[in-house]
Amino acid sequence: MPRFILRRAYFATLTILLVSIVVYGVFSILPFDPAALTCGQKCTPAIVEANRVKLGFDKPLWQQYWLFLSGIFLGRTYGAGSAEFTCPAPSFGYSFNENMCVTDMLAEALPVTINLAIGAFVIWITVGVGLGLLAAKFRGRYPDTISSVFVLLGTSLPTFVTGLFFLIYVTIKWKIVPLSLEGFVPITESPVKYFQYFILPWLTLAILYAAFYTRFTRATVLETLGEDYIRTARAKGLSERVVLLKHTMRAVLAPITTSAGLDIAGLIGGAIITESIFNLAGLGRMTIQAVYEFDLSVVVATTILAASVVITMNLIVDIAYGYLDPRVRMK
């Protein structure tokens, strides 16, 4: 197993490096001068040239990438003399639009997106897998009908429709959940404000994913229940509860783990629509704002970070798959 993990970790690291090269190269060959985007309307050629030197855009592309890559591990210094300043490691660049190191911007936005993704994940995996198990166990009966209605509604409503419904009715009209204007509050400071801030965004994301996992779990469980080893377990006199939870779920967990790992990675990469609807200061909203303002340092950093999260979660899924299915390790 350690050899399996090391091999997967090696390829994941190599993939992240290749992604960073491609992303940095693509954004570097865009048909406009990145130095000209670092100053406002009163920009002069002298200011543009000074900013180009300060940010290292005057160097060859391979040197620019090396400075970017080394800054992640060692930090990076910009300017010279009295105008010199440093973005400590891990440094993903500097944003002239915000006058901040990109790492500081990520440190403010990433906790919001992580909390949003994890909370939504807990809800959808609990509801989706639980309802899928009930639907499979009581196939053709009342719980199965309820799950079918839930799947139909959940997959039919886009995220922005569900989010706007919660915002307009639950918050504004019915006032069940107050509209939080104070911003992100850690759960350690105020659990009540924390849940008020996230509960509706969690539900907005969870409904769509829970509907998918309900259908996926039901289909996978029903398929597994038809296997020969399940019939053998029943023939031995094992209770239906033991057959379902011990034998069936062991086989069902592998595909669910694969889907769940990649889905939560996608959310951490940026739940843009949900963050925009509820005005959450997360990674998705920050990326959209950076695109509008042509803040390339932020766009490059968030793109590489999102890709790294997806690759890392894929690595975690591979390792978990190896524990759940020994045949994967042997291959």
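The following exercises, each with a worked solution, concern a predicted model.

**Exercise 1.** Determine how helix 4 and helix 5 are oriented to each other, and which residues make their contact.

*Solution.* 
Step 1. Locate the two elements: helix 4 spans residues 102-137, and helix 5 spans residues 142-156.
Step 2. Consider the axes, which come within 8 Å and cross at roughly 140°.
Step 3. Apply the cut-off: an angle counts as roughly antiparallel over 145 degrees and as roughly perpendicular from 65 to 115.
Step 4. List the residues in contact. Helix 4 contributes V127, L131, L134 and A135, while helix 5 contributes P143, D144, S147 and F150.
Step 5. Classify these residues: six are nonpolar, one is polar and one is charged.

**Exercise 2.** Explain why the salt bridge of D144 and R218 ties together parts that are apart in sequence, and decide whether each partner is buried, partly exposed or exposed.

*Solution.* 
Step 1. Identify the interaction: the side chains of D144 and R218 form a salt bridge with an N to O distance of 2.9 Å.
Step 2. D144 belongs to helix 5 and R218 to helix 7 (residues 191-225), so the pair ties together parts 74 residues apart in sequence.
Step 3. Judge the accessibility, recalling that buried means under 20% relative accessible area. D144, at 7%, counts as buried, and R218, at 24%, counts as partly exposed.

**Exercise 3.** Describe the salt bridge of E49 with R52 and that of D228 with R231.

*Solution.* 
Step 1. Begin with the total: the structure holds four salt bridges.
Step 2. Examine E49 and R52, whose closest N and O atoms are 2.7 Å apart. Both residues lie in helix 2 (residues 45-55), three residues apart, which is about one turn of the helix.
Step 3. Assign their accessibility: E49 is partly exposed at 38%, whereas R52 is buried at 18%.
Step 4. Examine D228 and R231, whose closest N and O atoms are 2.2 Å apart. Both residues lie in helix 8 (residues 228-235), again three residues apart, about one turn of the helix.
Step 5. Assign their accessibility, with exposed meaning over 50%: D228, at 53%, is exposed, and R231, at 45%, is partly exposed.

Conventions
Residues are numbered from 1 along each chain as its sequence is written. This is a predicted model: local features need pLDDT of at least 70, side-chain atom pairs count only at pLDDT 80 or more; totals for chains, interfaces and linings use all residues. Side-chain values use heavy atoms; hydrogens and water are left out. Helices (H or I, at least four residues) and strands (E, at least two) are DSSP runs, numbered from the N terminus. Axes are lines fitted to C-alpha atoms, for helices over the stretch in contact, and angles run from 0 to 180 degrees between N-to-C directions. Angles under 35 degrees count as roughly parallel, over 145 as roughly antiparallel, 65 to 115 as roughly perpendicular and the rest as oblique. Contact means heavy atoms within 4.5 Å. Ala, Val, Leu, Ile, Met, Phe, Trp, Tyr, Cys and Pro count as nonpolar, Asp, Glu, Lys and Arg as charged, and the others, Gly among them, as polar. Buried means under 20% relative accessible area, exposed over 50%, partly exposed in between (1.4 Å probe, protein chains only).
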